[in-house]
Amino acid sequence: MKILSFGAGMQSTALALMSCENAVCKKKKKPYPLVPIYDAVIFCDLGLEPPWVKEQMEFTRRSCESAGIFFHVLDTPLYQDFTQNFGERRAISIPWWTLKEDGHKSRMPRNCTLDYKVNAITKYVRWELLGYKKGQWLKAEDVKAHEMHMGFSAEESRRCHENPHKLFVNKFPLVEMGLTRADNYKYILEVWGLDTKASACAFCPFHRNYFFQYIRNNEPKTYQEIVAVDHLLRDKTPKPPMDSDLFISRSRKRIEDLTPTDCNDAECFMYQGRSVWNGF
């Protein structure tokens with residue numbers, strides 16, 4: 001099987017839509033030969049993403065359904081699980097920025113993507129699509145026999161790694177095609193008419209500060225939910241306890257305390273002579 005791990009950002013949206021083009025193409029030679037007609041495009045709903053993520057997901061879902069490509073949404077409630085568990089019991093490790101009293105700075109390990117995306121998709125494919133029972137040994141013919149396609153663009157080639165699971169081999173078609181984030185944005189906008197931004201949890205610590213300023217100014221409900229997570233990090237002690245304070249912002253400030261100067265860090269790329277914010 002060829003599975004697309006769909007995050008609903010620019011890159012994975014581009015892959016899904018290229019696959020749709022291949023699916024409806026009547027010619028023997030497909031327009032995107034390195035992009036398969038996916039057996040499944042799978043989106044993990046983490047519970048709190050910026051509003052544009054759901055809009056991009058729904059656009060792609062409709063496009064896949066029109067092209068005859070199976071599209072599925074998994075409920076993987078990272079936001080709910082973290083807010084319920086943090087300070088009460090061991091919670092999933094999210095890469096929060098840390099600061100000790102002596103000024104030492106570091107970052108927490110990142111397990112959220114593996115646990116709430118990669119593992120969730122793997123279980124779904126194994127149990128629901130391939131028909132395995134829980135605890136059943138993997139058949140020899142399925143070991144590294146299936147492909148997990150990831151939406152990393154050319155400038156992210158350093159992120160390309162092998163899949164830790166025996167079921168899958170990871171594939172990175174955008175890297176193979178040499179397509180950058182700007183190339184994906186251009187393709188989706190000019191071919192499909194959709195203006196896209198990056199995808200991630202709204203409280204992801206890898207966001208630039210500009211993201212939080214943008215959400216504050218444009219999505220007040222989402223902003224208050226992010227602030228509530230930040231207050232949780234401030235007011236509760238993780239289990240097991242740590243000797244560091246935890247922050248969402250890479251500036252190691254509370255979201256509400258970020259200044260305009262702190263937020264002058266938007267990540268952008270050029271498109272037709274203008275600077276476009278990538279959404280991160």
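Where does proline 240 lie? I looked it up: proline 240 sits in the loop between helix 8 (220-235) and strand 8. Helices (H or I, at least four residues) and strands (E, at least two) are DSSP runs, numbered from the N terminus.

**Ground rules**

I noted that this is a predicted model, where local features need pLDDT of at least 70, side-chain atom pairs count only at pLDDT 80 or more, and totals for chains, interfaces and linings use all residues. Residues are numbered from 1 along each chain as its sequence is written, and side-chain values use heavy atoms, with hydrogens and water left out.

**Whole chain**

I began with the inventory: the chain has eight helices and 10 strands. Next came the dimensions, and the C-alpha trace spans about 65 × 55 × 30 Å along its principal axes.

I then checked the radius of gyration, which is taken over C-alpha atoms; the globule rule is 2.2 Å times the number of residues to the power 0.38. A compact globule of 280 residues would come out near 19 Å, and the chain has 20 Å, which agrees.

I looked at burial too. Buried means under 20% relative accessible area, exposed means over 50%, and partly exposed is in between (1.4 Å probe, protein chains only). Buried residues make up 49% of the 280 residues.

For surface, I used accessible areas from the Shrake-Rupley method with a 1.4 Å probe; for residues, only the protein chains shown count as cover. The chain exposes about 14000 Å², and carbon and sulfur atoms supply 49% of it.

Contacts (heavy atoms within 4.5 Å) were next on my list. Among those with a separation of 6 or more, 67% come from residues 24 or more positions apart.

What is the order of the five strands in the open sheet? I read it as 3-2-1-6-7, with parallel pairing. Strand 3 (71-75) and strand 7 (168-171) are the edge strands, each pairing on one side only. Neighbouring strands are turned by 30° against each other on average, direction ignored. For angles, axes are lines fitted to C-alpha atoms, for helices over the stretch in contact, and angles run from 0 to 180 degrees between N-to-C directions.

I zoomed in on strand 1 (residues 2-6) and strand 2 (residues 40-45), which run parallel and are joined by four bridges. Leucine 4 stands opposite valine 41 in strand 2.

Two helices pack on this sheet. Helix 2 (residues 51-67) touches strand 1, strand 2 and strand 3, and its direction makes about 145° with that of strand 3. Helix 4 (residues 112-129) touches strand 1, strand 2, strand 3, strand 6 (146-149) and strand 7, and its direction makes about 130° with that of strand 2.

I found an open sheet of three strands in the order 5-4-8, paired antiparallel. Strand 5 (105-107) and strand 8 (244-247) are its edges, each pairing on one side only. The twist averages 30° from one strand to the next.

Strand 4 (residues 97-100) and strand 8 pair over four bridges. Threonine 98 stands opposite leucine 246 in strand 8.

**Cysteines**

How many disulfides does the count come to? A disulfide here is a pair of cysteine sulfur atoms within 2.5 Å, and the count comes to zero. For cysteine 64, the nearest cysteine sulfur is that of cysteine 20, 3.9 Å away. Cysteine 64 is buried, at 0% relative accessible area. For cysteine 201, the nearest cysteine sulfur is that of cysteine 204, 6.6 Å away. Cysteine 201 counts as buried at 9%.

**A buried serine**

I found serine 153 in the loop between strand 6 and strand 7. Serine 153 is buried, at 0% relative accessible area. Not counting residues up to four places away in sequence, serine 153 touches Gln11, Leu174, Val175, Leu179, Thr180, Arg181 and Asn184.

Most residues other than glycine have a negative phi, and most peptide bonds are trans. I went looking for exceptions.

- The peptide bond from lysine 239 to proline 240 is cis, with omega near 0°.
- Lysine 144 has a positive phi of about 50°, lies in the loop between helix 4 and strand 6, and is partly exposed at 35%.
- Arginine 252 has a positive phi of about 55°, lies in the loop between strand 8 and strand 9 (268-271), and is buried at 15%.

Definitions and conventions: Pairing = 2+ DSSP bridges.
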